[in-house]
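Student: Please show me the sequence and the structure, and then let us go through them together, one question at a time.

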Amino acid sequence: MTLTLSSGSIHRSESLHEQTYKTLRTAILSGELASGERLIETQLAQTLQVSRTPIREALRQLQRENLVTDTSAGLRVAALSIADAVYLYDCRIALEQLSVAESCQNATPEQLEKLDFVVQQAENVKDQQLQPLTNYQLLHMDYNFHRLLAESSGNPWLVSFLDQLFDKMALLRIRTMQQNPGVLEIRSEHRRIYLAVVERNQEVAVTAIREHLIASKARVIREIQQLQQKSNFAESV
């Protein structure tokens with residue numbers, strides 16, 4: 001396993017366990033630690049320049065979050081299937097319809113201004129040719145838009161549930177974006193949702209976010225199918 005972990009060694013001024021956990025979590029969600037990759041305590045400890053104890057504690061926490069799985073061959077980064085993608089998207093579609101409906105009722109002018117800024121950021125991405133954003137940065141931009149919608153609903157439990165879904169889905173989406181960055185649509189679809197919220201039109205907003213997520217679900221599943229076909233072909237050669 002070749003591992004650089006871009007965040008480097010741990011900052012000793014903060015909790016060792018917390019910093020180790022955050023570093024590994026970011027590496028998983030950014031795709032630096034790939035889906036299905038084996039996680040070896042000794043190698044991770046050497047890379048992060050810590051003992052095996054905080055590594056072990058961090059991996060246990062990541063297991064509780066279902067970002068790491070315990071297999072017969074040892075701990076690995078979770079690898080989500082097409083069935084997992086379907087289940088996660090179905091949950092998200094249900095929750096985000098509620099999110100956007102309540103946002104139409106409760107979003108404050110300040111929250112609408114933040115949403116507008118995030119939408120404009122996404123629309124300007126294509127013009128940033130000199131410093132293109134990484135897949136992880138693009139996903140974070142998408143996350144910001146959907147989390148702001150949830151926050152503007154005024155329902156803190158909804159925000160918490162969606163945060164858990166976003167983490168799980170990041171594994172799927174970073175994996176598919178590495179094959180095809182076009183799988184993420186954060187331009188026209190986000191603009192349509194935003195405008196419906198500004199107009200306080202619940203029916204249009206709910207329809208827009210449902211169609212957005214259904215289209216995203218189809219794109220992600222298609223990419224996973226192609227990845228599986230490539231994997232099966234490589235194994236047969």
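Student: How many disulfides does a search of the whole structure find?
Tutor: This is a predicted model, in which local features need pLDDT of at least 70 and side-chain atom pairs count only at pLDDT 80 or more, while totals for chains, interfaces and linings use all residues. Residues are numbered from 1 along each chain as its sequence is written, and side-chain values use heavy atoms, with hydrogens and water left out. A disulfide is taken as a pair of cysteine sulfur atoms within 2.5 Å. With that cut-off, the number found in the whole structure is 0.

Student: Is Cys104 buried or exposed?
Tutor: Buried means under 20% relative accessible area, exposed means over 50%, and partly exposed lies in between, using a 1.4 Å probe and protein chains only. Cys91 has 41% relative accessibility, so Cys91 counts as partly exposed. Because Cys104 has 3% relative accessibility, Cys104 counts as buried.

Student: Which pattern does the protein chain follow along the sequence?
Tutor: Helices (H or I, at least four residues) and strands (E, at least two) are DSSP runs, numbered from the N terminus. The protein chain has 9 helices and 2 strands. Read along the sequence, they give the pattern α-α-α-β-β-α-α-α-α-α-α.

Student: Which residues does Leu59 touch?
Tutor: Contact means heavy atoms within 4.5 Å, and residues up to four places away in sequence are not counted here. On that basis, the residues touched by Leu59 are Leu24, Leu39, Glu41, Leu44, Val68 and Leu75.

Student: Which element gives the most to the lining of the largest pocket?
Tutor: On a 1 Å grid over the protein atoms alone, a pocket is an open set of points where a 1.4 Å probe fits, with protein on both sides within 12 Å along at least five of seven lines, and lining residues have an atom within 4 Å of a point. Grid points are joined across faces, edges and corners, and the volume is the space filled by probe spheres set on the points, which comes to about 320 Å³ for the largest pocket. Of the 14 lining residues, the closest to the centre are His140, Tyr143, Phe166, Asp167 and Ala170. With 6 residues, the element that gives the most to this lining is α7.

Student: Is His190 buried or exposed?
Tutor: His190 is found in helix α8 (residues 188-198). Leaving out residues up to four places away in sequence, His190 touches Val119, Asp142, Phe145, His146, Glu185 and His212. Because the relative accessibility of His190 is 2%, His190 counts as buried.

Student: Where does Arg200 lie?
Tutor: Arg200 is not a glycine, although its phi is positive, at about 60 degrees. With 38% relative accessibility, Arg200 counts as partly exposed. As for its place in the chain, Arg200 lies in the loop between α8 and α9.
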